[in-house]
Amino acid sequence: TPGGGVDSYLEGLVRKSEDSFRSTRAKAEDILFAECLKKVDDIMDVAEESYDWFPQKAENTPSPYAIDLATWLRSTFPRLSSLPEDVAFGLHYTTCKHVAFRMAELPLSAKVRKISFEAWPRVGADVSL
């Protein structure tokens, strides 16, 4: 055994194992956060390409993208309960903040040239979903 006997050798192994575990856990958390934000971006990118900002008549029903997003959030968030509380809270907060940012940015896109008055009821339905 190197240096100070069996006890110090085992303590060193335990420290290395703990460090390796913390590093692996941090990487896994980073991947989880990135994948959640990517999924939101994927859904919002579809919305940006297909949103009808100039409908002929007002609609009070949510857009397909908003339904997809709400369905994904409702199915994903309950699955996070097995994560440590701080990680689950951080993931909820970060994801919801990203959703809010992307939804607020949607009508400001360079692809949007005009927005009719008739578009806003659907926007309201999307936000309140």
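Biologist: What should I know about the model before reading it?

Modeller: The model is predicted, so local features need pLDDT of at least 70 and side-chain atom pairs count only at pLDDT 80 or more, while totals for chains, interfaces and linings use all residues. Residues are numbered from 1 along each chain as its sequence is written, and side-chain values use heavy atoms, with hydrogens and water left out.

Biologist: How far apart are the end C-alpha atoms of α2, and what span should its 13 residues have?

Modeller: Helices are DSSP runs (H or I, at least four residues), numbered from the N terminus. The expected span is 1.5 Å times one less than the number of residues. For α2 (residues 64-76) this gives 18 Å, and the end C-alpha atoms are 18 Å apart, which agrees.

Biologist: Which residues of α2 are buried?

Modeller: An α-helix has 3.6 residues a turn, so residues three or four places apart point the same way. Buried means under 20% relative accessible area and exposed over 50% (1.4 Å probe, protein chains only). Tyr65, Ala66, Leu69, Ala70, Trp72, Leu73 and Thr76 are buried in α2. They cover an arc of only 160 degrees around the axis (taken from the directions to the C-beta atoms), which puts them on the same side of α2. The face turned away from that side carries the exposed Pro64 and Arg74.

Biologist: Which helix supplies the largest share of the lining of the largest pocket?

Modeller: That share, 6 residues, comes from α2. Helices α2, α3 and α4 each supply at least two lining residues.
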